[in-house]
Amino acid sequence: MDQRIINLFDEYTHAPLTRKEFLDRLGKLTGGTALALAALSALEPGYAQAATIAPEADDLVAEEVSWIGDGSPVRGYLVHPKGRKKRGAVVVIHENRGLTPHIKDVTRRVAQAGYLALGVDALSLLGGTPTDEDKGRELIGQLDPTKNLNNYLKALEYLRARPDCNGRTGAVGFCWGGGLVNQLAVHDPKLDAGVAYYGQQPKAEDVPRIKAAMMLHYGGLDQRINAGIPAYEAALKAAGTKYELYVYEGVNHAFNNDTSPARYNAEAAKLAWERTLRLFKEKLG
């Protein structure tokens, strides 16, 4: 697909560009409405194919849970392997459209690797994640950033307090969630491991507060997010923070999302996931 189309879709999903403006510009790039709609079908997630691990997988236990966040209950999707055992715990942080079927599937992938995995629904305070992606992005923009961060910090506290947690915690997030992983690392000194996929970087002056081992995954074509890499890496080095930074050349933002065929890159996603699980094994047990 023409990279200009993918860049336009990235602008649409991360900037205040209306759907009408997006489709008008997409039509000009593709040469017509029919071709624009065909391109859009390859860009927008197809959640019918989201489940690589079935929600009813025999080796997993899944349940809806809640905890008190910043003044109100927050809901999440908790998954763990069957059998009683203390395990490391991982908060899974969604993209800027909510706890979608894809992110629930990622939560099951983390659980199947041997962890307590908690997919937090940041939009639970606003009625929960909607099926309409545009509405989900709109609701994300209505969240109070401080309260939202506190809700995730409380999620980590909830996991640590569970009798089936070994006390070690990590976080993995994508896009909007990747940026939040960086913020959790800044604000939670107990976090053991943070994995941010193409996430907004924290302020350089906040980096010395990070105690977690960090792993940072970026798509080589993601100019918007990658512009913040040099300052972040310089701050990590200056602070002596343990980190690994990977740029996957020739791939786009959201390369891990296998429900979005135009941006998904199977090779990069597989390698990044193997690295992610390796860090979790090292830090969470």
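Colleague: What should I keep in mind about the numbering and the kind of model?

Modeller: Residues are numbered from 1 along each chain as its sequence is written. The model is predicted, so local features need pLDDT of at least 70 and side-chain atom pairs count only at pLDDT 80 or more, while totals for chains, interfaces and linings use all residues; side-chain values use heavy atoms, without hydrogens and water.

Colleague: Which residues does the UniProt domain annotation cover?

Modeller: The unreviewed UniProt entry carries "domain: Dienelactone hydrolase" over residues 74–282. Such positions follow the numbering used here, feature names are shortened, and annotations may be inferred rather than shown by experiment. Helices (H or I, at least four residues) and strands (E, at least two) are DSSP runs numbered from the N terminus.

Colleague: How do I read the sheet, and what is the order of its strands?

Modeller: Strands of a sheet pair through backbone hydrogen bonds, either parallel or antiparallel. Two strands count as paired if DSSP finds at least two bridges between them. Here eight strands form an open sheet with mixed pairing, in the order β1-β2-β4-β3-β5-β6-β7-β8. The edges belong to β1 (60–68) and β8 (243–248); each has a single partner strand, so one side of each is left without a neighbour in the sheet. From one strand to the next the twist averages 20°.

Colleague: How many bridges join β7 and β8?

Modeller: Six bridges link β7 (residues 213–219) to β8 in the parallel sense.

Colleague: Why is β5 described as largely enclosed?

Modeller: Buried means under 20% relative accessible area, exposed over 50%, and partly exposed in between (1.4 Å probe, protein chains only). Seven of the 10 residues of β5 are buried, so the rest of the structure largely encloses this strand. On one pairing, β3 and β5 run parallel over six bridges, with V90 opposite G170 in β5. On another, five bridges join β5 to the parallel β6, where F174 stands opposite Y197. The path from β5 through α7 to β6 is a right-handed β-α-β crossover, meaning that with the strands pointing away from the viewer, the path from the first strand over the helix to the second runs clockwise.

Colleague: Which strands does helix α7 lie across?

Modeller: Contact means heavy atoms within 4.5 Å. Axes are lines fitted to C-alpha atoms, for helices over the stretch in contact, with angles from 0 to 180 degrees between N-to-C directions. Helix α7 (residues 176–187) lies across β3, β5, β6 (193–197) and β7, at about 140° to β5.

Colleague: And the cores: which residues have the most contacts inside the largest one?

Modeller: In soluble globular proteins, nonpolar side chains tend to be buried together. A nonpolar core is a set of buried Ala, Val, Leu, Ile, Met, Phe, Trp, Tyr and Cys residues joined through side-chain atoms within 4.5 Å. The largest has 42 residues, and L118 and L184 have the most contacts inside it. Helix α6 (residues 145–161) gives this core its largest share, seven residues. Leaving aside residues up to four places away in sequence, L184 touches I93, L149, Y152, L153, L156, A171 and L191. A second, separate core has 34 residues, among them Y115 and A254.
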